[in-house]
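Dear colleague,

I am passing on a structure that I have been looking through, and I would be glad if you could read my notes alongside it.

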Amino acid sequence: NRSSDLVPPVTQMAPPRLLFLLLLCILPASRAAKAPPNIVVFMADDQDVFLGGLTPMKQTQKLLMDEGATFENFFVTTPVCCPSRTSTLSGLYAHNLLDQTKGWCGNFASRENNTFALWLQQYGYQTGLFGKYYNSYGSFCNKNIHIPKGWTRWFTMCNDNRFFNNTFNDQAEMVVHGDKPEDYMTSVIGNKSVDWLTKAARMKDTEGNAVPFFAYIAPHAPHVPATPAPWYEHTLPDTKAPRTPNWGVHGADHHWVIRQQPELTDSLIQYSDELFMRRWRSLLSVDDLVASVVDVVDKAGQLNNTYFMYTSDHGYNLGQFRLPSGKFQVYDNDIRVPFLIRGPGIKPGSKMSQVTSNVDIGPTVLDLAGVKAQYEMDGKSMKPLLSEDGASVDWRDRMLIEYWGLGYVRRGPCRNGTSACPGDDALEDAPSNTYSAIRFINSTTNILYADFRPKQTSPTMSNANYTEFYNLQKDPYELHNLASESGHPEANQYREMLYEVASCKGAKCP
């Protein structure tokens, strides 16, 4: 057990005065009969499932996977950080956040004061956010520093792409951490989470009833540069990034961004392999964070009344179709992510095959808490799937995937892997890497259909100029684009299926 490696716990801080004022009048007597469940959501940053992203996280596997359920067809609706996170926090697809300019944060900043965190708080939950909120840091840090409505405890990153010398918004005060071991970002986020949960899990109202809590814990790992904690720098044997069947492959019949990729140079291969190992080593600290949180909840006697969810904002590629590192793409390595859930009534070690996604997280949290949404979300609650008869629940068989190219994005080994490296990098994104896609999965069929558009425009048939169509039952690594052949009229039915939902809202979404 490596939980002690989280780095020395910070001195516990007194709860803010607002919390005590809230608790004086919090739970009506009728609620005392059955305490609402506590809920913890862990949101990793760029963690794949396709390349074995959970492999180094032995404690998380034991605590959440073995003791809970694994959703094997869980996707993100948009494979890049900001729109994925805002969709998670709002329960809305990116197109309903007006995210059609450059695939970034849409209009979430204007609606951040009305999320499911606020509705939980209004119902009597203590709420805490720790780590990465979303990528528009200037909207809630520095001169615009504030705490969005709905959060009792607020500790969020104000910069990214580094694991030391970071700044945070700590209860609407800017704080700076340095370069000592105890300043390691994952440990700082973990210790702040544990400190708050130590008190929150023991909080009682004036009648002696437990006050429920919701924690959203979002470490930056394994995002580039994926710096491991100093005590994990040399842990795990050096291993190359997985040489999947699509690793280093020329996608000759794929979209232009993929088709134009040159062969990986030796230096890019070395960079990709080294990043793979840094990612795994950085995840050891996330693993410690998860174990420490579960331990705190257990010691408070709340383990049997707490749901834990673990997921990521999107997947990753490391050499697939000659891309040395990154996300942005429509393929499973970028859109498929882990989703684990443990809690009351969930069968340990169970596997769920239903098609689910990050827009389902908000509705699920609310449903588990018994709280009604205050606007219509695009996702669906996964709670019915968690029951003993979950396999018989009438559920969707498709998911919408959408993306607006960020622009001409080049990445290489310089500048922590976040910038162009002239002469030794790869073009990973472009305005024409704008697409809408449908992932269709049932017991006999596994399809990806995607229409690309030449620029960041609305998803209409008339705007589409390139198609990719894969049968993943026969071609799980998406090597052979069936749309490049004649004789596949079934592609038309998936195209119609796509445009039925490409601009969907609420109940009309799949």
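How many bridges join strand β14 to strand β15, and in which sense do the two run? Please keep in mind throughout that this is a predicted model. Strand β14, which covers residues 434–441, is joined by eight bridges to strand β15, which covers residues 446–453, and the two run antiparallel. Within this pairing, Tyr435 has Phe452 of β15 standing opposite.

Both strands belong to an open sheet of four strands, in which the order is β11-β14-β15-β16 and the pairing is antiparallel. At the edges of this sheet lie β11 (398–403) and β16 (466–471), each of which pairs on one side only. On average, and with direction ignored, neighbouring strands of the sheet are turned by 10° against each other.

I also looked at strand β2, which spans residues 69–75 and has six of its seven residues buried, so that the rest of the structure largely encloses the strand. With "buried" taken as under 20% relative accessible area, that is the basis for calling β2 largely enclosed.

Which strands pair with β2, and in what sense? With strand β9 (residues 339–342), β2 pairs in the antiparallel sense over two bridges, and here Ala69 stands opposite Ile341 of β9. With strand β10 (residues 350–357), by contrast, β2 pairs in the parallel sense over six bridges, and Thr70 has Lys351 in β10 as its bridge partner.

With best regards

How values were computed. Residues are numbered from 1 along each chain as its sequence is written. This is a predicted model: local features need pLDDT of at least 70, side-chain atom pairs count only at pLDDT 80 or more; totals for chains, interfaces and linings use all residues. Side-chain values use heavy atoms; hydrogens and water are left out. Two strands pair if DSSP finds at least two bridges between them. Axes are lines fitted to C-alpha atoms, for helices over the stretch in contact, and angles run from 0 to 180 degrees between N-to-C directions. Buried means under 20% relative accessible area, exposed over 50%, partly exposed in between (1.4 Å probe, protein chains only).
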